[in-house]
Amino acid sequence: ANVRAGAFVRINNLTDRRDCVQVFPTTGRCDGGSPDQSRDRQGNTVGEGTFSTYFDRPQFFTSGRSINAGLRLDF
């Protein structure tokens, strides 16, 4: 029988490190900006004029850990 089998495992970001891909222009950091920005604020209110999700920007970070595995059969 002319059967060939193979297996693979692909792991991206094994240590689940959060790397910056974009930063806030007011601070130069990806995990927080200046609280007095004059933009529309959205999210849950945690105080007067302060919102908990205003600086939550997951697109400023690389994607988290991903693990893909599979099998291949050729015949």
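This is a predicted model: local features need pLDDT of at least 70, side-chain atom pairs count only at pLDDT 80 or more; totals for chains, interfaces and linings use all residues.
View 1. Together with Ile11, Leu14 and Ile67, Val9 makes a nonpolar surface patch of about 410 Å².

**View 2. Asn13 and its positive phi.** Asn13 lies in the loop that runs between β1 (4–12) and β2 (45–47), and its phi is near 60°, which is a positive value in a residue other than glycine. Most residues other than glycine have a negative phi. With a relative accessible area of 22%, Asn13 is partly exposed.

View 3. Asp16 lies in the loop between β1 and β2, and its phi, near 55°, is a positive value in a residue other than glycine. The relative accessibility of Asp16 is 37%, so that this residue counts as partly exposed.

**View 4. The disulfide between Cys20 and Cys30.** The sulfur atoms of Cys20 and Cys30 are 1.8 Å apart, and the two residues form a disulfide. Cys20 is in the loop between β1 and β2, as is Cys30, and the two cysteines are 10 residues apart. Cys20 counts as partly exposed at 44% relative accessibility, whereas Cys30, at 6% relative accessibility, counts as buried. The count of disulfides in the model comes to 1.

Conventions
Residues are numbered from 1 along each chain as its sequence is written. Side-chain values use heavy atoms; hydrogens and water are left out. Helices (H or I, at least four residues) and strands (E, at least two) are DSSP runs, numbered from the N terminus. Buried means under 20% relative accessible area, exposed over 50%, partly exposed in between (1.4 Å probe, protein chains only). Patches are made of residues with over 30% relative accessible area and no salt bridge: like charges are joined within 9 Å, nonpolar side chains (Val, Leu, Ile, Met, Phe, Trp, Tyr) within 5 Å. Accessible areas come from the Shrake-Rupley method with a 1.4 Å probe; for residues, only the protein chains shown count as cover. A salt bridge is a side-chain nitrogen of Lys or Arg within 4 Å of a carboxyl oxygen of Asp or Glu. A disulfide is a pair of cysteine sulfur atoms within 2.5 Å.
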